[in-house]
Amino acid sequence: MGSTRKATKPGKAPRRWFKWIILGPILLVLLVQLYFFLMVCWYAYVDPSSTSFMRQQLSELRETNPDAKLKHQWVPYEAISVNLKRAVVASEDSRFAAHGGVDWEALEAAYERNNRRSKVVGGGSTITQQLAKNLFLSGSRSYLRKGQEMVIAFMLETVMSKRRILEVYLNVVEYGRGVFGAEAAARHYFRTSSAKLSPAQAARLAVMLPNPRYYDKHRSTSYLARRTALIQRRMRFADLP
């Protein structure tokens, strides 16, 4: 007897490919989110040795100096001055202790500002969002990256305590070209430890955060002095986790 073979119905193969064209990108996005979530769970207990921002900057530095190294030293939460914690919260995210990762009021204000300028100029990011960007993303400005930043921020708030989020943030945030974290910043700018930062020193470091490479080179601008004095007055009102 001759073997029989089922004939493929016309259009069935194209439909199968069309299904994967739709489902493939969705599965890829889900896998990426799973990766981010697993890494967030890991960092909840293990101190990150480097971040996306650190690796990008080290790569840039080694283009001109193959032996370049970053200035970075991890210190526990208790070893960082309360002055710096209060200054960073007062300057970067006054509602840090209360929000769930995203400050919707600040985000709405930033969105309106971006629309007026017809481009994404940033703003509105909480400390949690900034940590999400520093750990996993890039410094590019787009609504797509902003959306991913928000998703990771919610993961961070779900898995980590506010105290842990602030601890990791203070240890990995950029403070100048090749300078990362509170300890390296304190030694780079004031030749002291992060535990011994005065209110004025802490306020100045906090004000530098939005544009640290610029202020590393321009340390005596009038704006930096005015903003530092303002943040120093606000520090006592900052709520810490």
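# Briefing: salt bridges, core and helices

At 39% relative accessibility, R95 counts as partly exposed, since that label covers values between buried (under 20% relative accessible area) and exposed (over 50%), found with a 1.4 Å probe and protein chains only. The model is predicted, so local features need pLDDT of at least 70 and side-chain atom pairs pLDDT 80 or more, while totals for chains, interfaces and linings use all residues. Residues are numbered from 1 along each chain as its sequence is written, and side-chain values use heavy atoms, without hydrogens or water.

**Overall build**

- The chain has eleven helices and three strands (DSSP runs numbered from the N terminus: H or I of at least four residues for helices, E of at least two for strands).
- From the N terminus, the order of elements is α-α-β-α-α-α-α-α-β-β-α-α-α-α.
- The chain has 241 residues, and 44% of them count as buried.
- Take the contacts (heavy atoms within 4.5 Å) between residues at least 6 apart in sequence: 68% of these join residues at least 24 apart.

**The nonpolar core**

- The largest nonpolar core holds 54 residues (buried Ala, Val, Leu, Ile, Met, Phe, Trp, Tyr and Cys joined through side-chain atoms within 4.5 Å).
- L84, V88, F136, L156 and Y175 have the most contacts inside this core.
- L84 is in contact with L170, Y175, A182, L197, A202 and L205, leaving aside neighbours within four places in sequence.

**Salt bridges**

- The whole structure contains twelve salt bridges (a Lys or Arg side-chain nitrogen within 4 Å of an Asp or Glu carboxyl oxygen).
- R95 pairs with D103 in one of these salt bridges, with the closest N and O atoms 2.9 Å apart.
- D103 is buried, at a relative accessible area of 10%.
- K146 and E149 form another salt bridge, 3.3 Å from N to O.
- Both K146 and E149 belong to helix α6, where three residues, about one turn of the helix, separate them.
- K146 and E149 are both buried.
- E174 and R213 also form a salt bridge, and their closest N and O atoms are 2.7 Å apart.
- E174 is in strand β2 (residues 174-176) and R213 is in helix α10 (residues 212-217), so this pair ties together parts 39 residues apart in sequence.
- E174 is buried, with a relative accessible area of 9%, whereas R213 is partly exposed at 33% relative accessibility.
- D47, R164 and E167 belong to one network of salt bridges that share partners.

**Residues in helices**

- L27 sits in helix α1 (residues 12-43).
- L27 is partly exposed, at 42% relative accessibility.
- Q148 lies in helix α6 (residues 143-159).
- Q148 counts as buried, because its relative accessibility is 16%.
- Leaving aside neighbours within four places in sequence, Q148 is in contact with V32, Q33, F36 and L137.
- Helix α8 (residues 182-190) has A182, E183, A184, A185, A186 and Y189 buried.
- Just after α8, R191 takes a positive phi of about 55°.

**A histidine in a loop**

- H99 belongs to the loop between α3 (82-92) and α4 (104-117).
- H99 is buried, with 11% relative accessibility.
- The H99 side chain reaches the backbone nitrogen of G101 at 2.9 Å.
- H99 also touches D93, T126, T128, E157 and K162, not counting residues up to four places away in sequence.

Key:
Polar contact = N/O pair within 3.5 Å; in protein donor to acceptor, adjacent residues only side chain to side chain.
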